[in-house]
Amino acid sequence: MTASLSLQAALKICGPRIACLSSLLFITGTLGASTLSQEVGAYRDNQGTSRDRAKFDLNYQLVHSRAGLTASSYNFVASRDIYEKSGTDDEYMQDVYGSNQRINDAVSLAAAQTWQKLTETRVMAAETNDQVVKSRTVGLGASHWFWNETLQTSLDISRTQMQRPVFEILDEDSDIISPPPRLQSTGVTVGAKNLATTTTLMSYAVTHVETNDRPPANTYSAGVRQFIVPTRSAVHGSLARAVNRGRITTKTAYGEVDAWLAEVAYLQTLWRGARSRLGYRYYREDETSRASKNEYVRGSDTYSLSLAQELGDKVIEVAASRYFTNELEDGTRIAAGIVEAGIGFNF
Amino acid sequence: MRHWRKLLLIIATWASTYACAHVKPYEKEYLLNPLMDDGTLRSLTSDFGAVSFGAFERLSSNTLGASAATSCPTCGG
């Protein structure tokens, strides 16, 4: 049933060629080794915006040593997103795309090598293209386990280049806001993960991102995963703080911002091969505008429920989310919903 | 960042990493449970929501979400 719906949605979003590829992958999926999955998703909000996605995800594992201590893995992801704004004409969409619809294609390729179980090195490359805005990212990273594999430290570096058309707007002080057509950003993340107790896993990360249109942004995050033995369930929590304040020029459309993000989730094994996740996410953003120094507060609440069922070498996934914002600067409140379905093969 | 916050961060980090010495390799049964595993989490969470909702959140897709969900600091929506 889910596979059929998934294929129908892929056919609608990507056309017959991709749907045929999808069918072929379903048939050949059980013949090789590793994981192949196909997902579809739909987003709708109360402002008439829709977004549909079809995504293919291929993970291939290659074990080099008999003990399985040295191995490499490859991950290829391809997705297509269709955005549409119905009802009123969107000025940006009309000016840049000449339509209320745009189609964004994305591909990414990542490779990771594990050395003697303890050390991992990884590289990745990604590209997105909607025929007007193009973005390319390359990244590399490494991590290592210490102390009987109880403390893992990691370092990741990535660089993104984006090309986009110039779209100028008039600010409150009559200055013209003109974002640069070439956006470049470089990011570094230093992270640590440790097994704090026999049932607790902690993680920490600090990220620094430099871009050519805004002040540097720093993010500090911490997370905890707690296994609850009597109920065979788990609680996951995370808290992050991002600060993007400094000198704001007319290269950027919004002012100084900082944000809090908190997330908590309860995970439970329901029956054999069935797992569920019930989550809540809180986001708060404080902005000081460039021209008038006005203070704005944006906030959102997200509720989500997902289920995954293993059936032999297959995994079926379904998920639903609801998203609500506070009143935004233009007086609107966003209420949005997402539904997703997917099927994966372990082969 | 104020000094007390730095101190708190150092103490919390030290306390949690100190406990590492007490988790032996044969005591990782619960930590290896699928509910604690990144692979399981990937099948129960999706970047579609983060990217879609990120359109209304200036820092979630560029930095906050990236650092929490992926190792690529500049991979946003």
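In this predicted model, strand 10 and strand 11 of chain A form a hairpin in which four residues lie between the two strands. The pairing of strand 10 with strand 11 (residues 200–211) of chain A is antiparallel and extends over 11 bridges, and within it Thr186(A) has Glu210(A), in strand 11 of chain A, as its bridge partner. Strand 11 of chain A is in turn joined to strand 12 of chain A by a hairpin that passes through five residues. Strand 11 and strand 12 (residues 217–228) of chain A are likewise antiparallel, with 10 bridges between them, and here Val206(A) stands opposite Tyr220(A) of strand 12 of chain A.

Further along chain A, strand 16 (residues 295–311) and strand 17 (residues 314–325) run antiparallel and are joined by 12 bridges. Strand 16 and strand 17 of chain A form a hairpin with two residues between them, and Gly312(A), which lies in the turn, has a positive phi of about 65 degrees. Ser306(A) finds its bridge partner in strand 17 of chain A, namely Ala319(A). Strand 17 of chain A also pairs in the antiparallel sense with strand 18 (residues 335–346) of chain A, over 11 bridges, and Arg322(A) stands opposite Gly337(A) of strand 18 of chain A.

The pairings are set out below.

| Strands of chain A | Sense | Bridges |
|---|---|---|
| Strand 10 and strand 11 | antiparallel | 11 bridges |
| Strand 11 and strand 12 | antiparallel | 10 bridges |
| Strand 16 and strand 17 | antiparallel | 12 bridges |
| Strand 17 and strand 18 | antiparallel | 11 bridges |

The contact between the chains draws on 83 residues from chain A and 44 residues from chain B. Between chain A and chain B an area of about 5,300 Å² is buried, and carbon and sulfur atoms give 65% of that area. Seven salt bridges are counted between chain A and chain B; in one salt bridge the side chains of Arg281(A) and Glu57(B) meet at 2.7 Å, N to O. The count of residue pairs in polar contact between chain A and chain B, with both residues at pLDDT 80 or more, is 15. Strand 10 (residues 182–195) of chain A, with eight residues, gives the most to the side of chain A that touches chain B. By class, the side of chain A that touches chain B comprises 31 nonpolar, 29 polar and 23 charged residues.

Terms used
Residues are numbered from 1 along each chain as its sequence is written. Chains are lettered from A and ligands numbered from 1 in the order in which they are written. This is a predicted model: local features need pLDDT of at least 70, side-chain atom pairs count only at pLDDT 80 or more; totals for chains, interfaces and linings use all residues. Side-chain values use heavy atoms; hydrogens and water are left out. Contact means heavy atoms within 4.5 Å. Buried area is the accessible area (1.4 Å probe) that two parts lose on being put together, summed over both. A salt bridge is a side-chain nitrogen of Lys or Arg within 4 Å of a carboxyl oxygen of Asp or Glu. A polar contact is a pair of N or O atoms within 3.5 Å; within protein, one must be able to donate a hydrogen and the other to accept it, and residues adjacent in sequence count only if both atoms are side-chain atoms. Ala, Val, Leu, Ile, Met, Phe, Trp, Tyr, Cys and Pro count as nonpolar, Asp, Glu, Lys and Arg as charged, and the others, Gly among them, as polar. Two strands pair if DSSP finds at least two bridges between them.
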